[in-house]
Amino acid sequence: MSKEEEKDLGHGMFGASGTGDTSGYGGLVRTATTKGSSERPYGGYFDDVADDLERAYPDFSEAIERVVVDRGELTLHVKREKLVEVSLILRDKLLFEMCLGVNGVHYPTDVDRELHAVYPLLSITRNRRMRLEVSVPDSDPHIPSLVEVWGGNNWNERETFDMFGIIFDGHPGLTRILMPDDWRGHPQRKDYPLGGIPVEYKGATIPPPNERRSYR
Amino acid sequence: MSTFTDPYAASRDTTEGRVFSVTGGDWDSLVTEIGATKEERVVVNMGPQHPSTHGVLRLVLELEGETVTELRCGIGYLHTGIEKNAEYRSWTQGVTFVTRMDYLAPLFNETAYCLGVEKLLGITNDVPERASVIRVMMMEFNRISSHMVALGTGALEMGALSPMIFCFREREKVLDVFELIAGLRMNMAYIRPGGVAQDLPKNALSKITETVKELRRDFKDNEKLLIGNTIWMKRTAGIGYLDLAGCTTLGITGPVLRSTGLPWDLRKTQPYSGYENYEFDVITADTCDVYGRFLIRMSELEQCLRIIEQCVTKLESLEGAPVMVADKKIAWPSQLALGGDGLGNSLDHIREIMGTSMESLIHHFKLVTEGFRVPAGQVYSAVESPRGELGVHLVSDGGTRPYRLHFREPSFNNLQGTSAMCEGSLIADIIGAVASIDPVMGGVDR
């Protein structure tokens with residue numbers, strides 16, 4: 001139903017798939033996959049959600065980049081300029097009363113869409129779930145804040161800023177929340193090293209986790 | 001103005017007036033000094049090392065007399081980077097990390113995570129029934145032990161010492177059950193993608209039945225002590241008010257949400273692990289206050305016991321059934337063995353891989369060091385933890401490690417409600433309000 005788009009994610013050593021190479025030194029390429037759009041019917045209540053949103057929001061086709069249904073979950077990829085408008089409609093017309101926060105994901109190889117912000121939504125009235133996803137380039141990491149729509153996103157947006165450096169425009173006080181105020185860098189980004197030191201045990205040295213063999 | 005310098009109570013002039021910083025020591029000189037100024041705006045740091053803030057939580061209070069005019073939380077003191085660390089370990093090793101987030105509810109972290117991994121793998125329906133029943137039973141026991149800490153420390157923070165003694169007595173019994181089944185009392189890493197780490201030991205069901213009986217008898221002690229107690233009521237009734245609109249706006253779930261009268265419990269509304277097959281009630285209150293949340297937690301204990309009893313019945317009929325998915329590419333090569341010092345290698349399995357079967361050894365080595373691959377994609381799975389909706393957002397790139405792991409911690413979101421609950425109330429009521437949210441800082445900061 002959906003086509004997959006593969007992205008290069010760097011190179012590893014182990015885990016040949018589809019070839020007879022079991023030496024582990026095949027020079028393998030790691031890729032990240034993002035799901036392509038799904039086609040109707042989406043199944044379950046997902047069609048209702050899409051229909052309702054289309055009716056309530058005339059700019060639907062312009063604002064929603066992709067509709068993805070995967071593993072029984074609905075994801076709407078929204079353009080950042082339209083995020084607040086779409087959220088208001090989802091809250092007021094489609095009764096998604098609760099936003100369960102925002103989570104960042106960093107795809108360094110997804111050119112011009114490196115940083116993703118993912119918002120899980122919950123409708124208590126209709127017992128439904130869905131997800132909004134916004135992607136922005138690393139060079140311009142601005143997303144409008146949803147604190148005005150769902151007040152509970154305040155801390156979550158601060159956390160995502162802290163961990164990924166996504167700047168939420170219009171947030172009442174976008175400061176670091178988990179890391180110290182004078183911390184440099186954003187720890188959850190893929191280009192931020194995990195750190196750690198080698199450990200010696202009975203004469204053998206074990207490298208820190210991010211320098212160990214990686215399998216794919 | 002005092003003539004000597006007090007090393008614990010310095011004062012300095014700023015553009016906003018004279019600022020006094022107190023770090024302990026003799027208050028008398030400071031009180032005299034503050035009395036000389038006209039303004040009565042006091043900013044007090046409560047915590048992070050304060051016995052009544054329920055962990056390393058820092059509250060910055062702006063006071064007018066004893067009334068709180070503004071409250072802000074400072075968190076992050078327990079941030080350990082678990083989410084980042086998990087990106088460098090296999091999917092199975094992830095369990096060992098996530099169990100340490102909300103350390104009072106480790107089994108909920110494990111279950112939420114494993115349900116997410118299973119959803120990504122597409123094996124949700126392949127998890128054996130016996131494994132699901134064990135998961136439910138362990139979670140309900142965990143809910144009891146977590147509520148016991150919430151009630152015990154909550155009462156302790158407000159000055160009632162006896163409930164704490166009763167609560168920890170009960171919690172100890174639950175931890176004994178954990179020790180018997182999983183080998184550890186906390187951070188068990190017992191629930192694994194595809195099932196559970198090992199089957200129940202032989203004497204487990206009789207011990208559980210006995211424990212349930214004892215718990216039901218002993219819960220009465222706390223009920224007699226606190227329900228309707230005049231002093232307790234004065235400290236809790238009408239305190240920490242937060243209504244339904246406030247809860248939905250701030251994304252607050254769990255007992256705080258149910259204290260507004262809304263019967264929202266994921267075990268009923270969006271069942272997982274077979275919760276639809278159990279009979280239990282969702283407890284609500286309509287008072288929106290600390291007392292309501294306290295009553296909810298007290299009544300939920302009995303519902304937990306009801307579910308555990310049903311689990312025992314089911315487990316009796318499922319004796320000998322598998323507790324791990326049949327797929328040998330996912331399931332751990334062997335069940336672990338429980339020894340006197342906790343979970344360890346199964347000697348039978350060691351004998352097989354070291355002595356008889358080379359193929360078993362290769363399989364064991366590949367699966368344990370390399371792990372299994374999880375198809376690319378993202379999922380969100382949620383369970384009803386003792387504190388509310390515990391959600392896991394998992395992203396896989398198709399490899400043997402999580403690409404991104406994020407926990408939607410109920411403590412983190414619920415703690416945002418503190419300002420709404422406390423501003424305008426007295427300092428003493430903050431303690432009750434924070435205790436009724438029951439934040440666990442290990443979960444908040446991760």
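Two residues are taken to be in contact if their C-beta atoms, placed from the backbone, lie within 7 Å. The model described here is predicted.

By this criterion, helix H5 (residues 129-157) of chain B meets helix H12 (residues 290-317) of chain B. On the side of H5(B), the contact is formed by Arg130(B), Val133(B), Val136(B), Met137(B), Glu140(B), Phe141(B), Arg143(B), Ile144(B), His147(B), Ala150(B) and Leu151(B). The partners in H12(B) include Leu301(B), Cys304(B), Ile307(B), Ile308(B) and Cys311(B). Of the residues of this contact, 13 are nonpolar, 1 is polar and 6 are charged. The axes of H5(B) and H12(B) lie 9 Å apart and form an angle of about 155°. The two helices are therefore roughly antiparallel, since angles over 145 degrees are counted as such. The crossing of H5(B) past H12(B) is left-handed.

Helix H7 (residues 204-226) of chain B consists of 23 residues. From first C-alpha to last, H7(B) reaches 33 Å, close to the 33 Å expected at 1.5 Å a residue. Buried residues in H7(B) are Ile208(B), Thr211(B), Val212(B), Leu215(B), Asn222(B) and Leu226(B). Their cover includes H5, H6 (162-182), H8 (230-236) and H12 of chain B. After H7(B) comes Gly228(B), with a positive phi near 80°.

Between the chains, 37 residues of chain A are in contact with 39 residues of chain B. Elements giving two or more residues to the chain A side are strands E2 (28-35), E5 (98-99), E6 (103-106) and E7 (115-123) and helix H4 (153-164). The largest share, 4 residues, comes from E2(A). The chain A side divides into 19 nonpolar, 10 polar and 8 charged residues.

Definitions and conventions: Residues numbered from 1 in each chain as written. Chains lettered and ligands numbered in written order. Predicted model: local features only at pLDDT ≥ 70, side-chain atom pairs only at ≥ 80, totals over all residues. Axes fitted to C-alpha atoms, helices over the stretch in contact; angles between N-to-C directions. Parallel < 35°, antiparallel > 145°, perpendicular 65-115°, else oblique. Left-handed = near helix turned anticlockwise from the far one by under 90°. Nonpolar A, V, L, I, M, F, W, Y, C, P; charged D, E, K, R; others polar. Expected span 1.5 Å × (residues − 1). Buried ≥ 20, exposed ≤ 12 C-beta atoms within 10 Å, placed from the backbone.
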